[in-house]
Structures are given as structure tokens and as C-alpha cells.
Amino acid sequence: MKDEESGNRLGSYLRARRELVSPAQAGLPSGGNRRVPGLRREEVALLAGISADYYLRLERGRDKNPSPQVLASLARVLHLDDIERTYLLGLAAARPRTPRRRRPEQVPARVHQLLAHLRIPAFVEGRAFDVLAANPMAVALSPRLRPGENRLRSFFLDPEEQAFHQDWTKAAADFVATLRSTIGDDTDDPRFVELVGELALSSGRFRTLWARHDVRNLDGGTTTVHHPVVGDLRLHRDKLPVDDVILVVYYPDKDSDSDEKLQLLAALSHAAPTTPTDTAPTDTAPSGPVDTGHPRTP
């Protein structure tokens, strides 16, 4: 996380976002010899009603206390949505802090009981997208949802995971934007540093998306995945916070084609819905080389 380590997260975000806004989007002529993608610094300053020198100080980290009015103007010029605007305000308000020591992520006993009774794919993930527990239907849906796998790593480094998603390109963009939002100001968290560093070295697509500085919440939605045995499945996804972890469930529309395929998958895999898959150790985060068999289904 080179930009975070530099201590100039606000400037890095402003620079990344202005490079994504075309002159046409900003109402400016697009002709001429433009040496940079997107808007020039002086164009952003002009449109935001601030001096070019002041905007330059913001990007270079020489002024880290812009007023709310200035930030609102910049958000308008950069076409930020509500989530991105909130993220920008958070960057400006960030202050140096003592690194937090997080306690090991634990799956509550009642969640293990819930997993044992659910007849749909369900699993528990931690903040860094480590799979902490899963029921048999989750593993039947994707063997890469076993406890001990990391959804972020498998999503970008496992070809089987890429084939699993009907629209992997869009899902990848959503996933990285969600990662940005999840990290927040925990840029010194060793687990996040490890994952981002590994993926930045190993995945060109991840590097490109990470450089965009997109932020997004990904709490739920509907996705289509391709299972190698039963075919395409259209599934709804809900992510439910439970204490310090997240319970993720996938389910089809009742009596739909996907519902029938999911029941067939349960029969074929001899999944026992009353016996949850063992939880991965929670005192250490999973690490190590990628195993070609893990999914990240954002």
C-alpha cells in the first residue's frame, strides 16, 4: 500500500480520481496536447473555485486540513457519489493514531449452530475476507469456500474462481472497491498489508483496480455463478454482521431453476446440512501459497 505508507492518502485519492474524469464530463474542450489522463490539476482547481497553488498543496500533502466547503466542491468536480464523498471526508479528517492491536477473530458458538441448520450455502468471513467457518453446502457450491481459504487471494489468483463468476470483470471491480472501504484507516494492519502487497505483485488486474481508489459498500445483491456440475446459478447474497465477523448466505428464488439445481447439488455432494465444516484456527490469519481451489464470490 505504497500510497498509504507515504502518509499522503488524501493527495493520492484526489490524483487518482481526477485522472478518471474526462474533460467532456467536466464540460471542458477535450482537444489540445493533453499529457495526462483525465483532468489537469489547474482544471480541477478552476472548476472547484480554488487556486491552482492550493490544490497543488493538497495533492502533494502540504495542506491536510481543507475545509468542508472545499471538499464538497472537489467531490462535485470529481463526480463522487455519496459513498466516495464520505470516504474523501474521512481521509481529510484522519489523524495519526497508535496502531490498534486486534483480537483474534472468533466465530460465536451460536453461529456454528446456525450453520448446522441452514440448508443453503453459508459461511463466515473475517475483515480481511478469510473464511473462518462454512457449512457443507457452501463447500459444495465452491471448494474454495473451505475454512482457511482467503476470498481475496483466490478471487484474483485462481483461474477456477474467475471461471466461476459469470461477470468476473465487474465482480473484481466491486471487490477491490469494497476492500478499500473495508480497510478504511487501518492501513497498517499486517493482514491487509500482506494481501495487498501479494496481489499487487501477482495480479495486473488488481494493480489497475487498486490504483483507481474506488470505494464501495458490498452488503448484498444478486449474482450469477457457473458451477462445473449443475451449471449456472442465480443467487441472492446477504452479508450479516455477527459480533466481529460476517455471516454470508447465498440463496435462490424459491421454486426457481436455480433452486432445483441447488437441491440437486446437495444430493450429488451428499451434503449433510446438520454438520458444519470445521472452523479454521482463529488465533492466526491464513497465509501461504495460493491453493487452486478457493472462491471469492463478492
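Trainee: Buried means under 20% relative accessible area, exposed means over 50%, and partly exposed is what lies in between. So what does Asp257 count as?

Mentor: This is a predicted model, and in it Asp257 counts as partly exposed because its relative accessibility is 48%.

Trainee: Which residue does Asp257 form a salt bridge with?

Mentor: Its partner is Lys261, with the closest N and O atoms 3.3 Å apart, and since the two are 4 residues apart in helix α14, about one helical turn separates them.

Trainee: And how many salt bridges does a search of the whole structure find?

Mentor: The search finds 22, among them one between Glu59 and Arg18, whose closest N and O atoms are 2.5 Å apart. Glu59 lies in helix α4 and Arg18 in helix α2, so this pair ties together parts that are 41 residues apart in sequence.

Trainee: Are Glu59 and Arg18 buried or exposed?

Mentor: Both Glu59 and Arg18 are buried.

Trainee: Switching topic, at what angle do α3 and α4 pack?

Mentor: Helix α3, residues 41–48, and helix α4, residues 52–59, pack at about 115° with their axes 8 Å apart, and their crossing is right-handed. Arg41, Glu42, Val44 and Ala45 of α3 meet Ala52, Tyr55, Leu56 and Glu59 of α4.

Trainee: What covers the buried residues of α5?

Mentor: The cover includes α2, α3, α4 and α6, and the buried residues of α5 are Val70, Leu71, Ser73, Leu74, Ala75 and Val77. Just after α5, His79 takes a positive phi of about 60°.

Conventions:
Residues numbered from 1 in each chain as written. Predicted model: local features only at pLDDT ≥ 70, side-chain atom pairs only at ≥ 80, totals over all residues. Heavy atoms only, no water. Axes fitted to C-alpha atoms, helices over the stretch in contact; angles between N-to-C directions. Left-handed = near helix turned anticlockwise from the far one by under 90°. Contact = heavy atoms within 4.5 Å. Buried < 20%, exposed > 50% of the residue type's maximum accessible area, 1.4 Å probe, protein only. Salt bridge = Lys/Arg side-chain N within 4 Å of Asp/Glu carboxyl O.
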